[in-house]
Amino acid sequence: MAITCAVALSCLIAAGAGQPDDYFQITVIDADTGRGVPLVELSTVNGIRYVTDSNGIVAFHEPGLMDQSAYFFVKSHGYEFPADKLFGFRGQTLDVKPGGKARLKIKRLNIAERLYRVTGEGIYRDSTLTDVEAPIRQPLLNAQVLGCDSVQTDVFRGKLFWLWGDTNRPSHPLGNFHTTGATSQLPDNGGLDPSRGIDLTYFQNEQGFVRPMARMPGEGPTWLDGLVVLGAGGDNERMFAAYAKIQTPLTVYARGLAEFNLKRETFEQVAEFELSSPVFPFGHPFTHQAGGQQTYVYFADPFPLARVPAEVDALRDLSRYESFTCLRAGSRLDAAAPEMAELDRSENGRLNWGWKRDTPPLSPAIEAKLIGLARMKPEEARFQLHDVETGKTVLAHRGSVYFNAFRQRWIMIAVQSGGSSPLGEIWYSESRSLSGPWRYARKIATHDKYSFYNPVQHPQFDQQGGRFIFFEGTYTHTFSGNAEPTPRYDYNQIMYRLDLSDERLKLPE
């Protein structure tokens, strides 16, 4: 690893960067853990802006401010630097000298701990400039990936398989719009400890950039989700994903199912779906044996609202999909006119929730509208989360659900629609039943005026029997209303860790 870092440093020096002793190294650490904190912004009095790398380091070299006392404002999403008593400024004056070092402690307000950036350029840029070892093989640039959209993962043929959406490159504003892929070793089979990082091996073209993994028929980008592996393991495993074809402005005009071809190392179309179908494979799937009988693939995003028998033929056949819903079986739903929804009620007025074919799932947003229209009582709802501190409703937008052995619950990591930061507030919830009701939630991470959308937990990374879980999301100014993207971090994936033994995560039954 040190050899890799030395090579990276040599490349930087050859490109015109200074020697390590030319820089003043500032490391921002978590006051509780002592670990370096990524994505901390340091800015000078005259507005020069720096952002810590994944080791929590800034390599500072500003010719006019060297050998000076310089003040640095310090701020970060979900973290807080102490304010001075006189003016309330949050920052510190440092004696800046070439080759010097300083450590700043910052208080974590988030329950979740930010660990590192997974993708993009310069993940360990400042560490490399100051000759600090990075845990991953490619600390500066891997497969020319500058940024990429939301992630999908599953274990396939003994490795963790990764998929991302639209991907940026250095040479042109337009990059790969037909899905990017990579693999990594599992932590118990040669892979890195997920608290340290992930070594990604991308599928690349002859020019060294990531190559399209899913060219489906039709014009426009191809997006994959619903990544699922079926089979008994080993050579019997087969991997599938749902695809969507996109046209401006972000409109889906075609859907279908694709299977990964091992020889060609690409996804190929195996089924085309009718857009009028009430349910599709989507989100982040998991397999689960229902009632000790049939094993299903459940599709969650964030709630597990659809399922299909865990069989290849069933996965391709939308008529075998079931939705968990309180709509009358066989009915349809117009999101623009929820008042027309046909609710399934017994003669005594009881709302009948259940798994039903040929029926659309009921999203949290539609459920909330039905409550607002007095067509559903609040206590009848299954997917209305409430802030355990304030009691306010939290409308879950996207996320994932998995069973957690430590909590002995189904746990959900989800981003809130709206909130104090649009698509930037991440919540934790849990339920004894995967079909709910899901009632209470606790905010675990915030991103001020910034999006952190499509969060997903990685159960393959669970540690200490599920006490520690890991999740990531797409950090981007898109949809946030913030016109100023964070250098290097914007439109990339950031990993967090959550300790489920934290007393703040004990939610009411």
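Let's start with the second largest pocket, which in this predicted model has a volume of about 470 Å³. It has 21 lining residues, and the closest to its centre are Glu41, Lys75, Ser76, His77 and Asp448. What does the lining of this pocket look like by class? The residues divide into six nonpolar, eight polar and seven charged.

Leu39 sits in the loop between strand S1 (24–30) and strand S2 (41–44). Its phi is near 65°, a positive value in a residue other than glycine. Is Leu39 buried or exposed? With a relative accessible area of 4%, Leu39 is buried, since the cut-off for that label is under 20%.

How many cavities of 30 Å³ or more does the structure hold? The count is two. The largest cavity has a volume of about 100 Å³. Its lining has 13 residues, and Val118, Ile123, Ile136, Gln138 and Asn142 are the ones nearest its centre. By class, that lining has seven nonpolar, four polar and two charged residues.

The second largest cavity comes to about 40 Å³. Its lining is made up of Tyr116, Arg117, Val118, Ile123, Tyr124, Ile136, Arg196, Gly197 and Ile198. These divide into six nonpolar, one polar and two charged.

Strand S17 (residues 238–247) and strand S18 (residues 251–261) run antiparallel and are joined by eight bridges. Within that pairing, Ile246 stands opposite Val252 in S18. The two strands form a hairpin with three residues between them, and in the turn Leu250 has a positive phi of about 60°. Pro249 is also in the loop between S17 and S18, and the peptide bond joining Thr248 and Pro249 is cis, with omega about -5°.

S18 then carries on to its next partner. Seven bridges join S18 to strand S19 (residues 266–273), again antiparallel. Here Phe260 stands opposite Phe267 in S19. This hairpin has four residues between its strands, and Glu265 in the turn has a positive phi of about 55°.

At 1% relative accessibility, Leu315 counts as buried. Which residues does Leu315 touch, leaving out those up to four places away in sequence? They are Val228, Leu230, Phe240, Leu257, Phe273, Phe299, Val308 and Tyr321. For a sense of distance, the C-alpha atoms of Leu315 and Arg375 are 34 Å apart, with 60 residues separating them along the chain.

That takes us to helix H4 (residues 364–372), whose buried residues are Pro364, Ile366, Glu367 and Leu370. Why do these line one face of H4? Looking down the axis of H4, they fall within an arc of 160°, so they line one face of the helix. The buried residues of H4 pack against strand S27 (396–404). Just after the helix, Ala374 takes a positive phi of about 65°.

S27 leads us to its sheet. It is an open sheet of six strands with mixed pairing, in the order S26-S25-S30-S29-S28-S27. Strand S26 (393–394) and S27 stand at the edges with a single partner strand each, so one side of each has no neighbour in the sheet. Further in, strand S25 (residues 385–387) and strand S30 (residues 440–445) pair in the parallel sense over two bridges. In that pairing, Asp387 has Ala441 in S30 as its bridge partner.

There is a cis peptide bond here too: Gly436 and Pro437 are joined by one, with omega about 10°. Pro437 lies in the loop between strand S29 (426–431) and S30.

One last stop, Tyr491. Tyr491 has a positive phi of about 60° although it is not a glycine. The residue is found in the loop between strand S32 (468–476) and strand S33 (492–499), and with a relative accessible area of 14% Tyr491 is buried. Thanks, everyone, and I'm happy to take questions.

Note on methods
Residues are numbered from 1 along each chain as its sequence is written. This is a predicted model: local features need pLDDT of at least 70, side-chain atom pairs count only at pLDDT 80 or more; totals for chains, interfaces and linings use all residues. Side-chain values use heavy atoms; hydrogens and water are left out. Buried means under 20% relative accessible area, exposed over 50%, partly exposed in between (1.4 Å probe, protein chains only). The arc is that of the directions from the helix axis to the C-beta atoms. Contact means heavy atoms within 4.5 Å. Two strands pair if DSSP finds at least two bridges between them. On a 1 Å grid over the protein atoms alone, a cavity is a set of points where a 1.4 Å probe fits but cannot get out, and a pocket is an open set with protein on both sides within 12 Å along at least five of seven lines; lining residues have an atom within 4 Å of a point. Grid points are joined across faces, edges and corners, and a volume is the space filled by probe spheres set on the points. Ala, Val, Leu, Ile, Met, Phe, Trp, Tyr, Cys and Pro count as nonpolar, Asp, Glu, Lys and Arg as charged, and the others, Gly among them, as polar.
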